[in-house]
Amino acid sequence: MEIDLKANILVVDDNAAKRQALSAVLEELDQNVVLAASGHDALRSLLAEDYAVILMDVQMPVMDGFETATLIRSRGRSSLTPIIFVTSYSHAETDMLGGYSLGAVDFIFAPIIPEILRAKVSVFVDLFHKNQELKRHENHLESLVHQRTVALTAEITERKRAEHVIRKLSSAVEKVADSIFITDTEGHIEYVNPAFEQTTGYQSDEILGKTPRLIRSGEHEPAFYTNLWQTLGRGEIYREVIINRKKNGELYHEAVTVTPLADDNGRCTHYIFSGKDMTERMQAQERLHHLAHHDILTGMPNRMLFVDHLSQALSRAKWHDRAVAVVFVDLDRFKIVNDTLGHDAGDQLLKAISERLKSCMREGDIVARFGGDEFAVFFNDIASYDDVAPLASNMLNAMSPSFSIAGRELFMTFSLGISLYPDDGDNSQVLMQNADTAMYCSKQQGGNSYHFYRVEMNAHAMERLELETDLRRALGRGEFSLAYQPQFDLESGAMVGVEALLRWQRPGTGLVPTEKFIPLLEETGLIVPVGEWVLNSACAQHQQWTAKGLPPIALAVNVSGRQIDAKALFETVTRAIQDTGMDPTFLELEITETVLMDNIKSIGEVFRRLKSIGLKVAIDDFGTGFSSLSYLKHFPVDTLKIDSEFIHDITKDVDSAAIVTAIIALAEALGMRSLAEGVETQEQMEFLWAQGCHVAQGHYFSPAQSPEELERLLARGGEPLEDPHLSHQNF
């Protein structure tokens, strides 16, 4: 904006000629001359502009110069404007006193001398210009002061904000749970926060000026730290989980972030280390990893870890042209321990076994528990089969001493199966499968032995798998049937009972021998539903014979140890009797001596309940178990069945004859019935009759009959088929 440097001069006079004359004199000053014809015009002019000086006539109509001057002085904007009165009035002195009292600065009397007028006016014009310059300078100074004030205010505000942020950051760093320390570019620590002190155990006065080497754990290679400083040297942020050491020597894991701190020129001046203690999380991960790869009970490697180590061992063996032996270990009859002594005792036994197995391992060998009573071992660095046999024998020998469990002395046996790399497989899965196959061969041979894998075992294993698959479907497909083995009284020759025997007609194969599928039913647990079917079917058949008016006879049904385990035998038997309507006094349940001794407490109670409703109980295969005979006094037994193993040689072997004679005498003494099974010759029958045996069964009398054939036999009065070799009077 352009500034007007000319001053305003106001000439007030009611005489137009005088106004023009004064204006003409003042033109030489080169200023702005404004003319006013009256006091009122002068006041209006003063409202719009500021004036350097006012030349005003004293004598004017309506409002003279003094009155106008009074009003001018009363207005703030013009209160200090210089007034020069121009007058030709005769009372000069009186006018001057009045004028000066109103603030006049001078008087000019007519006749007016132009030079004097211009000189006097010039003084006030110059003063006005100086005042204007001073005002402009003051305004400029005020503007500068204002600008600086605004700037300072903004700067102070920003500084306060920055200080507030710094205080917050400082407070956060002091209170944050993460440990923080700051070093210079040489690694000397200049600051640590309280969390660092709490984590490491070092106080600030112990650590300041030192380097982070003070908390090094020694767990990392030098290259680890070289990489750290190289990363920082490139101006990059470094992140890693570091193992550090506390003042007390304890190690801890820390997720560390190191950030280079640069100045305004981009030059690195410091490094900020921040760390989060990851020790608990790492320990939790390690525990989870351990649990995922180890057996909880024994602490041994589990299947997953075993397979991993085995795969690595096979790779090394291939590289060094050596062999690896994989051994599967399974306890024989471990279930008896759980069922009789409880699972706590079973767990104690497994722990003790694991310790003995560990003692058999060489350096580099691995033993693992797969679950239950299954263990696995692999022997590293094997040269030949000859190296493995002593190791397997050593394992069996280590297990032969008794185990002291729950205040009892237990003797356990084990079945081992062995496969060798590379002869029996080139990968973990095949070797483990073949070792498992060999182990089952050991079990089938009676246990407490080891077998090396042979190719033909796979064919047997596949046959067994197919047999099991078909067996699982047999009950639903109606492939089972019952045959009935007649039982004869040796004194009268009459048929007094039958034993229900299970038969399986397998499609495409025919009748499957019982010794092939009954053990498989036991092993798979299928014996429970199949056994229930046998009981229901036999009771229903007996009731059909009774309904037809055929002679009443006893019905013997075998009970498996698995059915005892099912803890529902009483309900199963009573339900079968109720559903079929069979008289329970004709039903006799057979249980082997071995199963009885394994479950004597639970069996005793359930059989007492069954006898209370009229059932009878027989001990099958008596004399084949390893037990005390004292249980016969307390157990509710009606019949002792003499195993065919003893009957076979009674006419040739004195020991067998003595055992059979003793069992018959024992039964007689205890008021029990003796029953011989597997009688095949007349000599055997006559020996048994002579010793006082009550009942016998076997092919000598009659093979097992179908329900229809037995019905015809019963219709004839239960007489056996004619045989020209029968010499006993009742046959």
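**Surface, cores and charge pairs**

Leu-288 counts as exposed, because its relative accessibility is 57%, where exposed means over 50% relative accessible area, buried means under 20%, and partly exposed covers what lies in between, all with a 1.4 Å probe and with protein chains only. The structure is a predicted model, in which local features need pLDDT of at least 70 and side-chain atom pairs count only at pLDDT 80 or more, while totals for chains, interfaces and linings use all residues. Residues are numbered from 1 along each chain as its sequence is written, and side-chain values use heavy atoms, with hydrogens and water left out.

Leu-288 is part of helix H9, which covers residues 279–293; helices (H or I, at least four residues) and strands (E, at least two) are DSSP runs numbered from the N terminus. Together with Leu-291 and Ile-296, Leu-288 makes a nonpolar surface patch of about 350 Å². Patches are made of residues with over 30% relative accessible area and no salt bridge, with nonpolar side chains (Val, Leu, Ile, Met, Phe, Trp, Tyr) joined within 5 Å and like charges within 9 Å; the accessible areas come from the Shrake-Rupley method with a 1.4 Å probe, and for residues only the protein chains shown count as cover.

In soluble globular proteins, nonpolar side chains tend to be buried together. A nonpolar core is here a set of buried Ala, Val, Leu, Ile, Met, Phe, Trp, Tyr and Cys residues joined through side-chain atoms within 4.5 Å. The largest such core has 76 residues, and those with the most contacts inside it are Leu-587, Leu-589, Phe-607 and Leu-688. Helix H17, running over residues 527–547, gives the most to this core, with 7 residues. Apart from it lies another core, of 34 residues, which includes Leu-331, Ile-353, Leu-391 and Leu-416.

Leu-587 lies in strand S22 (residues 587–592) and counts as buried, because its relative accessibility is 1%. If residues up to four places away in sequence are not counted, Leu-587 touches Leu-535, Cys-539, Leu-555, Val-557, Val-573, Ile-577, Met-582, Leu-615 and Lys-616, contact meaning heavy atoms within 4.5 Å.

Leu-410, in strand S15 (residues 408–410), is buried with a relative accessible area of 14%. Once its neighbours within four places in sequence are left aside, Leu-410 is in contact with Val-337, Leu-341, Ser-402, Phe-403 and Ile-405. Leu-410 and Ala-676, by contrast, are 33 Å apart in space, C-alpha to C-alpha, and 266 residues apart in sequence.

The charged side chains come next. Side chains of opposite charge can pair when their charged atoms come close. The structure holds 30 salt bridges, each being a side-chain nitrogen of Lys or Arg within 4 Å of a carboxyl oxygen of Asp or Glu. One of them joins the side chains of Asp-50 and Arg-77, at 2.7 Å from N to O. This pair links distant parts of the chain, 27 residues apart, with Asp-50 in the loop between helix H2 (39–48) and strand S3 (53–57) and Arg-77 in the loop between helix H3 (65–74) and strand S4 (83–87). Asp-50 is partly exposed at 36% relative accessible area, and Arg-77 is partly exposed at 49%.

A salt bridge also forms between Lys-120 and Asp-106, whose closest N and O atoms are 3.0 Å apart. Lys-120 is in helix H5 and Asp-106 in strand S5 (residues 106–109), 14 residues apart; Lys-120 is partly exposed, with a relative accessible area of 26%, whereas Asp-106 is buried, with 17%.

Arg-506 and Asp-470 meet through their side chains in a salt bridge of 2.8 Å, N to O. Arg-506 lies in strand S19 (residues 495–506) and Asp-470 in helix H15 (residues 455–477), so this pair ties together parts that are 36 residues apart in sequence. Arg-506 is buried, with a relative accessible area of 13%. Elsewhere, a network of salt bridges links Glu-499, Glu-590, Lys-641 and Glu-677.

Asp-424, in the loop between strand S16 (414–421) and helix H14 (428–444), is buried yet has no salt bridge, and the nearest side chain of opposite charge, Arg-454, is 9.9 Å away. For charge, Lys and Arg count as positive and Asp and Glu as negative, while His and the chain ends are not counted.
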